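Hi,

Here is the structure I promised to pass on.

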Amino acid sequence: MNLTSTYSKWLVLIIIAGFVVSCDEDLTKTNINPNGVSPESANASLLLPNLMRNFAREYTHLGEGHIAGVVQHMQEDAWNEEYNEYDWEPRDWDNYYNMLRNNQFVYEKSVEEEQEALQAISLTMKSLIFGHITDLWGDAPYSEALKVSDDDPVLTPAFDSQEDIYLGVIEDLKEAASLFDSGATLGNTDADLFFGGDMEKWHKFAHSLILRYSMRISEKLPDAARDNIQEVYQSGIYLESVSDDVSIPYNDADPWITAATGTDASNFRRRRPANTLLDKLMEYNDPRLEVWFAPVHVRWVEDTSLEVAVEPTIRRNGEPTDIVSMTEEEYYAEVSTGNEFTRHFNPELSETEYDTREYVGLPTALVEPTAHNGNPTPGQQVQNQHVSQLGEIFRQRSHELVQSRVMTAAEVHFILTEAAFKDWISADAENLYNDAIREALSVWGVGDSYNDYISTEGVSYEGTLEQIMEQKWIGAFTIATEAWFDWRRTGYPELEAGPAALRPVLPLRFTYGNNELDTNSSNANEAIERLEETEYSVVGKNSSWSMSWLFQGTEHPSW
């Protein structure tokens with residue numbers, strides 16, 4: 001954790017303060033900032049909006065970004081080394097620890113002022129952020145990480161074990177839940193971007209996070225995981241429906257493309273459905289398909305009457321034109337008025353197989369993804385008109401369905417389904433599974449398709465962990481980090497790396513960043529030594545293919 005710059009700033013402030021105190025009284029008064037707010041009089045709740053928004057945006061950025069490539073929800077057809085191929089650089093975590101430092105101020109003020117609701121919220125946010133850090137990296141600064149305002153501040157905090165962090169996170173969540181149960185209220189409800197001061201929903205959120213992290217450690221500490229899940233389930237206090245989901249919508253002030261996808265407009269057209277997900281959506285006639293992805297602009301049509309293998313131009317509404325391709329803007333303008341475009345090929349003469357479906361995705365980690373499915377303009381020039389991209393809702397500046405989601409009721413019901421499947425709770429696994437499916441559809445505004453979807457072969461409950469995890473994986477679209485964490489733990493769905501991937505298997509973790517390795521090297525190196533190197537580890541133990549405590553000695557990942 002890079003604290004050097006933080007402490008340098010504090011040192012400068014201390015020196016300045018000493019100089020000011022040494023001056024006469026009048027000079028001291030002239031150096032007081034009349035617009036400043038001292039920590040003693042600051043309203044801690046005013047830090048909550050940025051804290052919640054920043055975490056939600058970071059979480060979504062991963063879930064729609066590189067991790068969506070890992071779990072094969074999406075692929076990119078250019079500039080794709082990190083997205084498709086897992087060619088990751090070391091990652092620093094300063095942004096998360098900055099959130100934690102602000103949150104620590106909220107916590108300390110809430111204790112000092114006996115604001116139990118604010119204290120419980122800060123404990124929940126602390127648990128959420130630390131849980132996410134250890135999910136991504138493994139061992140990390142925890143017990144000493146926030147000791148920056150003590151009389152004897154810790155400049156180079158030790159790395160706690162991943163096991164201790166998870167257990168600490170769960171204990172803090174239990175404490176938060178007991179505070180939420182006290183009936184305390186939040187004074188400034190506008191500061192609460194998640195629930196608007198609704199403490200009942202915060203209580204549900206804290207309990208639901210206990211479910212998340214207990215299931216996370218279920219392979220290593222099954223008894224503790226089972227007991228925690230039983231306790232929460234028996235309480236009946238957890239996220240139940242879409243109205244309980246933990247999320248922050250985007251608004252007109254958010255640039256639509258950056259807000260929704262974490263990229264700019266030129267990159268947006270490069271983001272495509274992965275065939276791994278798309279094939280399942282089409283197999284199950286999933287109503288979310290049309291929400292998440294757009295049809296291809298130009299659909300391939302088999303035509304044995306052609307005297308050539310491939311028609312060089314496209315057809316508008318079946319009529320030949322002299323157009324080879326158009327820009328993205330031109331296609332949108334034409335399609336919005338009802339025009340349909342096709343390109344014909346003769347399968348008897350063509351040596352290339354073309355995907356003729358209305359929706360077409362990218363196979364995983366192709367060597368040359370821009371040329372897929374007969375793109376007439378491969379490379380960085382014009383978008384591939386024969387492969388789908390993200391749906392219309394992601395093009396808008398704000399859409400009610402496009403949100404930074406942190407946790408959903410669907411995820412909670414899937415966790416409980418798995419617990420019932422393991423006989424950890426006295427509940428009907430099929431009923432919980434059906435509830436999970438219903439909520440997963442409702443998140444995306446297609447809940448009225450539930451009856452048709454749940455009766456589809458392959459979707460109807462079969463009582464296997466593989467099916468439960470597959471549906472949970474589908475439902476984790478845009479929050480792909482959870483799908484990645486589930487795959488690491490269960491091996492489902494069975495995902496394979498593509499031909500251009502840096503290693504022939506999926507990665508397991510982020511590598512410690514250079515800031516930490518440079519400024520806290522002794523503690524970082526001790527944590528690295530606790531990792532388990534695998535045959536796929538790159539450049540030693542600090543590799544995305546090395547195993548942290550969570551996987552050591554387990555059956556997964558099943559490489």
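The cover over the buried residues of α17 includes α16, α18 (450–454) and α19, going by contacts, meaning heavy atoms within 4.5 Å. Helices here (H or I, at least four residues) and strands (E, at least two) are DSSP runs, numbered from the N terminus. The buried residues of α17 are A429, L432, Y433, N434, A436, I437, E439, A440 and L441; buried is under 20% relative accessible area, exposed over 50%, and partly exposed in between, with a 1.4 Å probe and protein chains only.

Before I go on: this is a predicted model, where local features need pLDDT of at least 70 and side-chain atom pairs count only at pLDDT 80 or more, while totals for chains, interfaces and linings use all residues. Residues are numbered from 1 along each chain as its sequence is written, and side-chain values use heavy atoms, with hydrogens and water left out.

Back to α17 (residues 429–442): its 14 residues should span 20 Å at 1.5 Å a residue, and the end C-alpha atoms are 20 Å apart, so the two agree. The expected span is 1.5 Å times one less than the number of residues. At the start of α17, a side-chain oxygen of D428 comes to within 3.0 Å of the backbone nitrogen of E430.

On a 1 Å grid over the protein atoms alone, a cavity is a set of points where a 1.4 Å probe fits but cannot get out, and a pocket is an open set with protein on both sides within 12 Å along at least five of seven lines; lining residues have an atom within 4 Å of a point. Points are joined across faces, edges and corners, and a volume is the space filled by probe spheres set on them.

There are 5 cavities of 30 Å³ or more. The largest cavity holds about 150 Å³ and has 18 lining residues, with T408, A410, G475, A476 and I479 nearest its centre. Two or more of the lining residues come from each of α16 (409–421), α19 (465–475) and α20 (480–490). The lining splits into 10 nonpolar, 3 polar and 5 charged residues, with Ala, Val, Leu, Ile, Met, Phe, Trp, Tyr, Cys and Pro as nonpolar, Asp, Glu, Lys and Arg as charged, and the others, Gly among them, as polar.

The second largest pocket has about 480 Å³ of space. Of its 19 lining residues, A294, P295, V296, V335 and E358 are the closest to its centre.

Cheers

Methods. Polar contact = N/O pair within 3.5 Å; in protein donor to acceptor, adjacent residues only side chain to side chain.
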